[in-house]
Amino acid sequence: MKIRILALFCLLFFSCQKEEDYIQNVMVNIDLNLTLPEFSDLQTVGNYIFITGGVKGIIVYRQSFDSYKTYDRNCSFEPSLSCARIDSVNSSIAICKC
């Protein structure tokens with residue numbers, strides 16, 4: 001019985017180590033002129049574009065006629081890896097190579 005309790009304690013203790021792999025906080029302040037040709041994909045609801053900024057880039061997504069959402073391109077799964085960058089969005093689901 002003591003061995004089971006010790007094994008459970010060791011499992012819980014060593015599995016709850018603090019992880020230092022996190023997405024950095026970055027201040028972003030960007031204005032987009034949506035009439036420019038490079039932003040023409042945002043004319044249609046459901047489309048998105050990638051722009052520079054943030055940690056690994058920014059995704060601008062047109063959610064509705066008068067609503068846009070922005071996200072960082074850094075994947076949340078092991079974000080410090082070089083492959084942890086969103087490369088495409090499919091049906092509003094971000095796809096990451098990692």
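Lysine 97 is exposed, at a relative accessible area of 69% (buried is under 20%, exposed over 50% and partly exposed in between, with a 1.4 Å probe and protein chains only). The model is predicted: local features need pLDDT of at least 70 and side-chain atom pairs pLDDT 80 or more, while totals for chains, interfaces and linings use all residues. Residues are numbered from 1 along each chain as its sequence is written, and side-chain values use heavy atoms, without hydrogens and water.

Two salt bridges are found in the whole structure (a side-chain nitrogen of Lys or Arg within 4 Å of a carboxyl oxygen of Asp or Glu).

| Salt bridge | Closest N and O atoms |
|---|---|
| Lysine 97 and aspartate 87 | 3.9 Å |
| Aspartate 87 and arginine 73 | 3.8 Å |

Arginine 73 lies in the loop between β3 (67–72) and β4, and aspartate 87 in strand β4 (residues 86–90), 14 residues apart (strands are DSSP runs of E, at least two residues, and helices are runs of H or I, at least four, numbered from the N terminus). Together, Arg73, Asp87 and Lys97 make up a network of salt bridges. Aspartate 87 is partly exposed at 33% relative accessibility, and arginine 73 is buried at 8%.

Arginine 73 also has its charged end over the ring of phenylalanine 50, 3.6 Å from the ring centre (the criterion is NZ of Lys or CZ of Arg within 6 Å of the centre and within 35 degrees of the ring normal).

Elsewhere, valine 28 is partly exposed, with a relative accessible area of 38%. Valine 28 lies in the loop between α1 (2–15) and β1 (48–51).
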